[in-house]
Amino acid sequence: MEPVQTLRIAIQKSGRLTDKTITLLENIGIKFDGYKNRLLVKALNFDVELLLIRDDDIPEYVQDGICDLGVVGANVTLETEADITVLQDLGFGQCRLSMASPVSKNIKSSKDLAGKRIATSYPVLTKKYFDSLGLDAKIIKISGAVEITPRLDVADAICDLVSTGGTLKTNGLREMETILKSESQLIRTNKPLPQHKLDLIEKFLVRIEGQQLAENSRYILMNAPKDSLEKITDIIPSLNSPTVLPLANPDMIAIHTVIPITKFWEVMEQLKDAGATGIVMLPIQNMIN
Ligand code: PRT
Ligand code: ZN
């Protein structure tokens, strides 16, 4: 019989994604006993281990089957053109890859950049973008501090990751076009996996879904006159029927339900108008539909 192999997950060793990735794994019930300054960390309660490496190496490690899963930004996976499958967007590490040019120059869009020098850490994605415009540009690969290259006259424009836009502004650059929107993703190898690994991955996906559902939902409780129940039920944007409980006052009831966070204020106001009082909202730790 084949020995049972441990499911190996590649995560960023030390950077913007590290803490959030560990939190995600802990939230889905995988426990670790310290991961700082370690390369390989075994989970305490699952047949899972983490390989902590630079984010740039994650897609290829997953492609080659050295790791079964990886957590990495879509920007990195697409730049490396790795042959992997994206299992799930993870809702953190959001950023965009954008073209930017010096405010002092008369470059309003990438169409003004034919034949010019573009500095970037993302030469593959940048080249694809210029190809899609039918333009030729000289793409210069820089591994860090891309934002200072126009000032050093190394480049005429840049293509770089942006989140708040503060770095561009500080460096006298104007964001022109976004060429990619990115967030961190759970990726899996396309190499065949044994059934016990597939079962574990399936289990984790259900848990991640539950976690994301919980994060995007709120539990709300309120009191209301008994005769307003129908009106209130119509307002609640939930597929599930609300919980209705009697109160000491026979004319009043308590109503409990779960709503999407995006509808919170709209629903609160309507509930109040329909006669609800003492509306309380609570975060949800986890939920499975
Ligand atoms: O050492 P290693 O190679 O693992 O790490 P790294 O230095 O390559 O990556 P790291 O930790 O900086 O980022 C990891 C991932 O976080 C990226 O691949 C993205 O998927 C994601 N991410 C999200 C970001 C940003 N937001 C971000 N703002 N990555 C980088 N930045 C940088 C950007 O390059 C620019 O220098 O932040 C600056 C811009 O930020 P704002 O807020 O000023 O616009
Ligand atoms: Zn990196």
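User: What should I know about the model and the numbering before we start?

Analyst: This is a predicted model, so to speak of local features needs pLDDT of at least 70, and side-chain atom pairs count only at pLDDT 80 or more, while totals for chains, interfaces and linings use all residues. Residues are numbered from 1 along each chain as its sequence is written, chains are lettered from A and ligands numbered from 1 in the order in which they are written, and side-chain values use heavy atoms, with hydrogens and water left out.

User: Great. Which residues are the protein donors of the zinc ion (ligand 2)?

Analyst: Asp 55 and Asp 56, each through OD, at 2.0 to 2.1 Å from the zinc ion. Donors here are N, O and S atoms within 2.8 Å of the metal (3.2 Å for Na, K and Ca), and since water is not among the atoms, sites may look incomplete.

User: Why is the arrangement around that zinc ion called irregular?

Analyst: Because the four donor atoms subtend angles of 75 to 172°. Four donors count as tetrahedral if all angles lie between 85 and 135 degrees; four count as square planar and six as octahedral if opposite donors are over 155 degrees apart and all others between 65 and 115, and anything else is irregular.

User: And is Asp 55 buried or exposed?

Analyst: Asp 55 is buried, at 19% relative accessible area, while Asp 56 is partly exposed at 36%. The cut-offs are under 20% for buried and over 50% for exposed, with partly exposed in between (1.4 Å probe, protein chains only).

User: Changing topic: what domains is the protein divided into?

Analyst: Domain 1 covers 7-92 + 183-214, domain 2 covers 95-181 and domain 3 covers 217-282. Those bounds come from an automatic or database domain assignment. Between the centres of domain 1 and domain 3 there are 39 Å, taken over C-alpha atoms.

User: How many salt bridges does a search of the whole structure find?

Analyst: Nine. A salt bridge means a side-chain nitrogen of Lys or Arg within 4 Å of a carboxyl oxygen of Asp or Glu. One of them joins Glu 49 to Arg 8, with the closest N and O atoms 2.8 Å apart. Glu 49 sits in strand 3 and Arg 8 in strand 1 (residues 7-12), so this pair ties together parts 41 residues apart in sequence. Helices (H or I, at least four residues) and strands (E, at least two) are DSSP runs, numbered from the N terminus.

User: How accessible are Glu 49 and Arg 8?

Analyst: Glu 49 is buried at 11%, and Arg 8 is partly exposed at 27%.

User: What does Asp 68 form a salt bridge with?

Analyst: With Lys 197; their closest N and O atoms are 3.0 Å apart. That pair links distant parts of the chain, 129 residues apart: Asp 68 is in the loop between helix 2 (58-63) and strand 4 (69-73), and Lys 197 is in helix 6 (residues 195-215). Both of these residues are buried.

User: Which residues are linked in a network of salt bridges?

Analyst: Arg 117, Asp 153 and Asp 156. Asp 153 lies in the loop between strand 8 and strand 9, and has a positive phi of about 60° although it is not a glycine. Most residues other than glycine have a negative phi.

User: Where is Asn 37, and what is its phi?

Analyst: Asn 37 is in the loop between helix 1 (18-27) and strand 2. Its phi is positive too, about 60°, although Asn 37 is not a glycine. With a relative accessible area of 76%, Asn 37 is exposed.

User: Last one: what are Ala 10 and Tyr 61 doing in space?

Analyst: Ala 10 is in strand 1 and is buried, at 0% relative accessible area. Ala 10 and Tyr 61 are 51 residues apart in sequence and 7.6 Å apart in space, C-alpha to C-alpha. As a second pair to look at, Ala 43 and Val 244 are 201 residues apart in sequence and 42 Å apart in space.
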